[in-house]
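Let's walk through this structure together, one spot at a time. Have the sequence and the 3D view open as you read.

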Amino acid sequence: MSSSAFTVPGSAEADLVRRRDLNKMRTVATGLLVVAAIVYVATRGQDGFLGFVNAGAEASMVGAIADWFAVTALFRHPLHLPIPHTALIPRRKNELGRGLQEFVQENFLAEGVVRERVDAAEASRRVGEWLVDPAHARRVVDEVADVAVIGLAKVRDEHVSELAEAVLLPRFREEPIAPLAAALLGEMVDDNLHHGVVDLGLGELLRWLRNNEETFTEVLGERAPWWTPTKLNDAVTQRVHAEAIKWVEDIQADPQHRARQAFDSMLHDLARDLVHDRDTAERAERLKLRVLDHPQVLATAVSLWKALQRALVAGLEEEASMLRVRLEHELVKFGRRLTTDAALRRRLDQMLSDAVAFVVDRYGTELTGVITTTIERWDGDEAAQRIELHVGRDLQFIRINGTVVGGLVGVLIHAVDVLLP
């Protein structure tokens with residue numbers, strides 16, 4: 001199997017540099033061996049100082065050759081001889097891959113190690129300091145806006161219709177509406193959230209009454225007895241119209257008006273009945289099903305999505321839009337808060353630490369499994385070549401050190417031999 005089959009794009013140039021450095025260090029190590037051999041031959045049979053030199057050169061050759069054998073035996077058979085326990089990487093690459101995987105997982109992807117590194121990184125503080133700069137916040141918004149516009153453009157009307165018809169509507173049909181409506185209605189009444197809707201309705205009703213007096217009196221006049229005088233009917237309907245306007249104005253002006261209290265009481269009763277009254281709950285369920293089965297529901301959902309999509313795209317594409325300006329402002333504001341709120345930073349760092357620990361605990365084996373899978377795909381020679389490219393240069397120092405240390409040991413042994421009687 002060719003090693004080029006697994007070449008990572010962009011790594012060819014780096015491999016050339018590694019190969020050049022490896023060859024350079026091999027030349028240095030081999031050169032020292034050659035120098036030791038020349039010195040040994042030149043001083044052979046000499047006594048005195050040259051005897052020490054000869055002994056050191058001899059030991060240097062032994063150390064250099066021994067370490068050359070040891071280094072070479074990792075990657076191939078020395079001199080192409082099938083010596084036992086050589087070419088270790090080609091023969092045992094799968095075991096080495098599994099061992100490397102276990103080493104990485106136990107020592108680098110352990111939960112304690114990961115949490116320590118995440119905590120030491122102080123990610124939230126760094127993010128805050130980076131976001132404080134408006135230019136950085138604008139850059140984030142630009143990137144998010146580009147991605148969001150592309151994503152929104154990919155969502156077509158039929159996708160929304162299919163999602164609503166196949167997922168949302170069946171789920172809404174299965175979910176009982178009464179408990180949800182009761183809880184929502186109860187919370188709204190307790191928090192007086194409906195008062196705004198009531199005020200809006202009263203304002204619209206008052207405006208209609210003032211602008212449609214003729215219609216109001218005609219409707220009432222049609223229901224008057226036939227035998228009553230016309231003038232009397234007109235006077236009564238006009239008085240009723242005036243009283244209706246005054247009554248609505250009183251309700252609008254008085255937050256504690258009896259009509260408002262009666263309406264609040266009615267909403268409380270409805271929220272209670274939705275939970276405890278079976279008939280009310282069944283009527284609410286039937287109403288829900290009639291609404292969901294109406295053909296206009298899907299069309300309305302698509303129309304709402306299209307309107308939202310157009311608004312979002314327009315706001316994201318325009319650089320000076322209120323949406324983008326607001327996003328930039330909020331990011332800068334969030335960055336300032338991160339730089340000043342130590343408690344918030346601790347919470348966010350803890351959340352990040354928990355998330356990373358969860359990923360490592362759940363998927364650590366799969367992540368490190370890439371090591372074993374990749375090495376198993378290589379043949380033995382390819383594995384040896386790639387590993388030697390990355391570590392072979394440093395291993396040449398073993399040969400160099402063996403030459404130097406061997407020479408020193410040879411001189412020491414020769415000195416002991418001379419000194420001993």
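Ser 60 counts as buried because its relative accessibility is 10%; buried means under 20% relative accessible area, exposed over 50%, and partly exposed in between, with a 1.4 Å probe and protein chains only. This is a predicted model, in which local features need pLDDT of at least 70, side-chain atom pairs count only at pLDDT 80 or more, and totals for chains, interfaces and linings use all residues. Residues are numbered from 1 along each chain as its sequence is written, and side-chain values use heavy atoms, with hydrogens and water left out.

You will find Ser 60 in helix α2 (residues 49-75); helices (H or I, at least four residues) and strands (E, at least two) are DSSP runs, numbered from the N terminus. Not counting residues up to four places away in sequence, Ser 60 touches Ala 36, Thr 403, Gly 406 and Gly 407, where contact means heavy atoms within 4.5 Å.

Next, go to helix α16 (residues 342-377), which holds Leu 344. Leu 344 counts as buried because its relative accessibility is 8%. Neighbours within four places in sequence aside, Leu 344 is in contact with Phe 334, Arg 337 and Leu 338.

Now for the largest nonpolar core, which has nine residues, including Val 198, Phe 216 and Ile 251. A nonpolar core is a set of buried Ala, Val, Leu, Ile, Met, Phe, Trp, Tyr and Cys residues joined through side-chain atoms within 4.5 Å. Helices α9 (194-211) and α11 (230-253) each supply at least two residues of this core.
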